[in-house]
Amino acid sequence: MIASRTPGSPVSLVILIGRILYALVFVGSGIVRHLVRMEETSRYAASRGVPAATPLVLFSGLGIVAGGLGVGFGVWADLAVLGLVAYSLVAAVLVHHFWTDTDPVEQRHQTSHFMKNLSMAGGGLVLFGFLVAAGPAVDFTITDPVWSFDL
């Protein structure tokens, strides 16, 4: 159970700032890399072996923007963060498969991106756990979480 706290407390503000910072990575990438620069990103994804790169870049861009906005604004934030976790893991494996690269520089580059995606997925799982444990007690959200579990 989450310890009792005062609504709108400094801790609630820290959590809100954390949600916004986590969300900005996805919203920014979704808009700029996936939607505005879709052709360039699709070529890159195709070069990494992603099948149907253009439709997947469009779909993933829309998904991560929606997920990021859901986390940031608190609209079914638990469901939104699970979508971002899934995206991060799929992108890590489909795009940043460093184990297939033979060029050492490219392998280091892809390893860094792979580990970044794993870290983002891990942070998302921590956020999911917090959201479902706190349930409707999470401040600064538009909707309550979809799920609520007692710890």
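At roughly what angle do the axes of helix H4 and helix H5 cross? Select residues 77-94 for H4 and residues 104-134 for H5: their axes come within 8 Å and cross at roughly 160°. Axes are lines fitted to C-alpha atoms, for helices over the stretch in contact, and angles run from 0 to 180 degrees between N-to-C directions. H4 and H5 are therefore roughly antiparallel (an angle over 145 degrees).

Next, show the side chains where H4 meets H5; contact means heavy atoms within 4.5 Å. On H4, select among others Val81, Leu82, Val85 and Leu89. On H5, the contact includes Phe114, Leu118, Leu125 and Phe128. By class, this contact has 17 nonpolar, three polar and one charged residues. Ala, Val, Leu, Ile, Met, Phe, Trp, Tyr, Cys and Pro count as nonpolar, Asp, Glu, Lys and Arg as charged, and the others, Gly among them, as polar.

Now select Gly74, Trp76, Ala77, Leu131, Gly135, Val138, Thr141, Thr143, Asp144 and Pro145, which line the largest cavity. The lining divides into five nonpolar, four polar and one charged residues.

Finally, zoom out to the chain, which has five helices and zero strands. Helices (H or I, at least four residues) and strands (E, at least two) are DSSP runs, numbered from the N terminus.

This is a predicted model: local features need pLDDT of at least 70, side-chain atom pairs count only at pLDDT 80 or more, and totals for chains, interfaces and linings use all residues. Residues are numbered from 1 along each chain as its sequence is written, and side-chain values use heavy atoms, with hydrogens and water left out.

Terms used. Angles under 35 degrees count as roughly parallel, over 145 as roughly antiparallel, 65 to 115 as roughly perpendicular and the rest as oblique. On a 1 Å grid over the protein atoms alone, a cavity is a set of points where a 1.4 Å probe fits but cannot get out, and a pocket is an open set with protein on both sides within 12 Å along at least five of seven lines; lining residues have an atom within 4 Å of a point.
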